[in-house]
Amino acid sequence: MKVEEVGNYDGFENAWLSYRQQTDCKDKQYFTAIYAKSADAIVCTAVKELQIATEQILGQKAVLYREEPEAETVGIQLRLDATETVSEEGYHLYQNKGLIIIASKGARGILYGSFACIRRLQMECAFMKTAPEAFSFERIDIMEEPSNPLRMLNHWDNMDGSIERGYSGGSFFFRDEEVLVNDRTKCYARLAASVGVNAVVINNVNVRGNATRLIAEDYAPQVKAISEIFAAYGIRLFLSLNFAAPMELGGLNTADPLDETVREWWKDQMAKVFARIPNFGGFLVKADSEGREGPFTYGRTHADGANMLAEAIAPYNGLIIWRCFVYNCQQDWRDYKTDRARSGYDNFAPLDGKFRDNVILQIKNGPMDFQVREPVHPLFGAMPKTNQMLEVQIAQEYTGQQRHVCYLIPMFKEILAFQTYCKEQNDTVADIVSGRTWGNQACGMAAVANTGNDVNWTGHDLAAANLYGFGRLSFNTNCTAEEIAKEWIVCTFGGDAEVVETILKILMMSWTTYEKYNAPLGIGWMVNPNYHYGPSVDGYEYDRWGTYHRADYQGIGVDRSSAGTGYAMQYKEPNASIYNDLDRCPDALKLFFHHVPYTYQLRSGKTVLQHIYDTHFEGAAEAEKMRTMWQSLEGKIPEKIYHRVLERFDHQVWHAKEWCDQINSYFYRKTGIADEQGRKIY
């Protein structure tokens with residue numbers, strides 16, 4: 001097995017787990033002793049994490065005792081308790097007669113409760129002078145259940161060390177066709193577990209070359225080692241799977257899911273995989289999309305393909321997570337009826353009830369591809385007999401590629417709150433993917449990860465807020481975007497009031513700022529092809545990918561009403577009627593659903609064209625404002641981090657102006673209509 005030592009980092013590699021020593025903490029006495037009878041591996045991890053935090057934050061030792069605390073004892077007790085009202089992943093954090101008690105039915109709940117206790121300590125120390133009682137342990141009583149059964153990170157890492165849509169350096173899982181297992185693997189597991197992540201896919205959904213062999217004997221020792229590191233932090237390892245593996249690995253001449261030889265090959269292979277890798281969760285599968293082999297190749301359905309694999313892993317309690325990113329990528333731009341947005345619903349909705357219980361359909365938040373603004377996917381609420389999970393992307397493929405700051409948690413909050421009207425109650429996306437709507441046990445949230453081997457994990461230091469935020473939000477969807485951001489800032493940069501307030505303002509305005517100087521009113525895709533960065537209004541307009549804006553000299557937008565592609569009618573009422581009606585359709589999605597004249601008046605009173613002009617000028621100005629706000633923190637942020645982020649802001653300011661000038665110039669030249677305010681347009 002290839003094992004490497006981690007290089008010399010500057011001390012920031014622990015991100016929000018980079019604890020700062022504090023002198024002000026009135027509850028230090030609780031952190032002198034830890035009582036934990038259980039020797040479970042995950043409980044031992046929780047003990048170690050509490051000890052690390054105690055030493056680094058408070059400068060004192062927390063002694064471990066393996067017995068029940070005596071009366072009037074002061075300390076922290078980790079209590080595995082079958083009578084607790086919380087589940088195995090939930091926790092009860094409370095104070096009782098001098099003890100801080102972290103109780104749960106399961107070891108993972110103890111771990112999550114311990115990290116919550118550490119966060120509480122960081123917040124208490126940060127606000128000791130300004131709000132001494134806000135985070136006190138004296139009357140603490142928190143009972144928390146995870147909102148979602150699965151809280152997963154999908155890594156698009158390739159075995160050559162590259163990352164598809166990666167903006168933070170190379171992979172820390174793979175390099176030169178080798179699997180890497182080192183201290184950084186453990187550091188990553190700490191970060192993921194600290195925010196409640198319980199499942200990780202380590203390889204790209206586009207499985208090619210040696211990645212197909214991750215299920216073979218070749219890489220078994222390394223994959224097992226990663227699985228064991230993850231297991232100690234309550235994380236189950238998953239792999240992305242090549243549907244064509246029976247041919248590429250097994251020498252068969254087909255991968256037909258109804259072929260008995262293929263089915264038996266998979267059963268034999270799965271038996272070996274689960275025997276070799278403890279704590280193995282299952283597989284993520286991308287099939288029949290963007291050139292990937294799948295059941296369509298053989299005239300079969302997605303249910304046929306998913307169920308074949310699900311049957312093979314059912315004896316081992318494994319899961320098949322089947323991505324719904326399926327569309328006709330050979331679309332003719334001249335065709336106004338074929339609509340990529342329709343493809344997910346058209347392909348999967350008729351299959352409701354036909355998938356096995358250990359299959360989960362992983363559905364992107366919108367019907368296209370992680371645009372800065374698009375409607376919620378109509379599959380949510382359309383398949384009551386099928387397990388579903390939400391897929392979002394914290395790798396900022398279309399939202400600035402981690403060169404621009406773009407805090408995405410406000411967007412995710414809007415998506416989770418979307419009412420599908422599939423039931424009279426519990427009808428939001430959050431309800432569906434949590435299992436509340438139809439009682440599903442296999443469901444949850446997944447994010448395309450934004451990490452790499454850069455020293456700060458996420459390239460842009462502020463992009464770590466999305467990694468932290470996804471974990472916290474998937475664990476507790478009731479958290480507000482502002483609460484999550486504030487936690488992350490304090491845990492990462494400390495509690496200086498000016499630092500917290502300034503970075504919070506930057507984060508909370510960043511998504512809408514990016515949207516302003518990016519594509520307008522839900523239209524999307526005005527980017528350079530292939531690498532998806534920078535403005536190119538017609539970059540995809542005459543391509544095969546189905547990503548059109550249909551702009552001419554009179555108007556812009558795609559007609560997805562009942563008179564157009566009919567996509568709007570895939571929603572349940574009243575959403576279908578609202579989206580179908582030009583005047584009732586929300587302005588933010590107007591051009592996604594309708595082709596409108598540039599002179600059409602929005603609810604703001606502005607025309608579509610004036611809205612485009614105004615928002616792009618505003619967005620560029622707001623990018624400058626965010627840079628100025630960051631510059632005000634010089635001397636209050638560690639110097640290396642300050643200058644790293646400032647370089648990103650310098651780029652963002654220039655790039656936002658480029659977006660502004662190119663988009664506005666395009667539409668001015670297209671229409672000949674001047675800006676009402678007479679600003680410079682080229």
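These are my notebook entries on a few things I looked up in this structure, which is a predicted model.

**Entry 1: the barrel**

I began with the strands. Eight of them form a closed barrel, in the order β8-β12-β13-β14-β15-β16-β17-β18, and the pairing is parallel. From one strand to the next, the twist averages 25°.

I then picked one pair to follow by eye. Strand β16 covers residues 359-364 and strand β17 covers residues 387-393; they pair in the parallel sense over five bridges. For a handy landmark, I noted that Leu 361 has Gln 388 in β17 as its bridge partner.

**Entry 2: a helix over the strands**

Which strands does helix α4 lie across? I found α4 at residues 220-231, lying across β12 (199-201), β13 (236-241) and β14 (280-285). Its direction makes an angle of about 140° with β13.

Next I turned to helix α2 (residues 107-126) and helix α3 (residues 183-194). They pack at about 85°, and their axes are 9 Å apart. Angles of 65 to 115 degrees count as roughly perpendicular, so α2 and α3 are roughly perpendicular to each other. On the α2 side, the contact is made by Leu 111, Tyr 112, Phe 115 and Arg 119; on the α3 side, by Arg 190, Ala 193 and Ser 194. Sorted by class, this contact has four nonpolar residues, one polar and two charged.

**Entry 3: cysteines**

How many disulfides does the structure hold? I found zero. The cut-off for a disulfide is sulfur atoms within 2.5 Å. I also noted that Cys 25 is buried, with a relative accessible area of 10%. For Cys 187, the closest cysteine sulfur is in Cys 491, and at 17 Å that is too far for a bond.

**Entry 4: Ile 313**

Is Ile 313 buried or exposed? This residue sits in helix α7 (residues 302-313), and I have Ile 313 down as buried, with a relative accessible area of 0%. Setting aside neighbours within four places in sequence, I listed what Ile 313 is in contact with: Met 270, Phe 274, Phe 283, Gly 318, Leu 319, Ile 320 and Asn 358.

Methods:
Residues numbered from 1 in each chain as written. Predicted model: local features only at pLDDT ≥ 70, side-chain atom pairs only at ≥ 80, totals over all residues. Heavy atoms only, no water. Axes fitted to C-alpha atoms, helices over the stretch in contact; angles between N-to-C directions. Helix = DSSP H or I, 4+ residues; strand = E, 2+ residues; numbered from the N terminus. Parallel < 35°, antiparallel > 145°, perpendicular 65-115°, else oblique. Contact = heavy atoms within 4.5 Å. Nonpolar A, V, L, I, M, F, W, Y, C, P; charged D, E, K, R; others polar. Pairing = 2+ DSSP bridges. Buried < 20%, exposed > 50% of the residue type's maximum accessible area, 1.4 Å probe, protein only.
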